[in-house]
Amino acid sequence: MKNFKLWAAIALLAVATLWGFLGSDSQAITQTVVMSEIEVIEAEPAVPTVQTVEIKHTNTKAKDIQFDDSIKVAAKQVVIQYQSALRFPRYSQPLSKYDTDRLTPNMFYPVSMPTDEQGGKLTIKLAKYRFIYPENIHVNISGTEIDKVSVTLMDVDTKTVFKTQSLVASQSSYDIKFKANKDYPRNLQVVAQVSVQNKKVPVVAQLQYMQPSAKLLSLGNAFSENDKMSVPLNLEVFKAGNYRIRANLYALGEPIAHLTTKGKLSEGLQTLSLSAHWSVLNPQASSMSLSEFVIEQMSPSPAQPSQFGSSEIEHFEIKDFVFDSLQQVPYQPSKKELNSLTFLQNLAN
């Protein structure tokens, strides 16, 4: 038991080290609700995968050896990922078309419910997972042989019903809109009661709704800053706090970098800058673009969730930036980053 606790603690430390460097976007985790039961599943961030090792032992000595091996396996996995990440600064990490969690940070994953044994299903989709006032909530219900549709917007915690819309079915797909309301609570759910061949089929989708903590108003022209290209961000801050702004950088139609900046902002008009290290840029690209902006007021404590803002900019073009104006020297990890790497390497050896 003592070794197990040591192994668990070390594995968590290793994951936390990598997690703190890379960061992630929280995504909705939704679940089909069976018949009349309604459940709410909390959103959790996707953490870097650490390989687990099945432990089978017949005596204490073998148990100790296998726990030691499992620690090394877990640490080696994290070392590989961390070494790769340290080739680039944390504010400017490479991005590919396969990094869907960063390319679609506010994606809602459709919830489906089987309706018969022939493969029929009922599906509920939301335009996004997180809505910021004054956005309307857009819902799509689709399926085959639908007779009636009743969709309710309600508070997850108190079960207070805000609005119910009912439709007589005449098609296989329905778009429903709930108008914006600044008084909506953060945690909402859409409960659809659908009649399919006179059989009632309920399905539930969870979402978040909140007042904007800040708004991205505009971006300035990109400029050279030693070894990085920087782009000013002009924000209107409604709630003072520590902010993290993220966006994806594209060149020649392909994602090339995930950019992050942090800063303590007071209320009013404020400015931060997103930066791209020269090593993630494409020297052949005459133009680039930024999109998928995420404005986050970071949580001050575990008891308080992060708040999010909105952006008036969906897509920003960067034209005629001169790549050769940058100092093209390899990124040097900080002392803290190197100490973290040494810690992980010691676990792996």
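An open sheet of four strands is ordered S4-S5-S7-S10, with antiparallel pairing. This is a predicted model, in which local features need pLDDT of at least 70 and side-chain atom pairs count only at pLDDT 80 or more, while totals for chains, interfaces and linings use all residues. Residues are numbered from 1 along each chain as its sequence is written, and side-chain values use heavy atoms, without hydrogens and water.

Visitor: What makes S4 and S10 edge strands?
Guide: Strand S4 (111-114) and strand S10 (173-178) each have a single partner strand, so one side of each lacks a neighbour in the sheet. Strands are DSSP runs of E, at least two residues, numbered from the N terminus.

Visitor: How do you know that S7 joins S10?
Guide: Two strands pair if DSSP finds at least two bridges between them. Six bridges join S7 (residues 137-142) to S10, and the two run antiparallel. Val139 stands opposite Ile176 in S10.

Visitor: Why is His258 called buried?
Guide: Buried means under 20% relative accessible area (1.4 Å probe, protein chains only), exposed over 50%, and partly exposed in between. His258 has 5% relative accessibility, so His258 counts as buried. His258 lies in strand S17 (residues 254-265).

Visitor: What makes the link between the side chains of His258 and Asn248 a polar contact?
Guide: A polar contact is a pair of N or O atoms within 3.5 Å; within protein, one must be able to donate a hydrogen and the other to accept it, and residues adjacent in sequence count only if both atoms are side-chain atoms. The side chains of His258 and Asn248 make such a contact at 2.8 Å.
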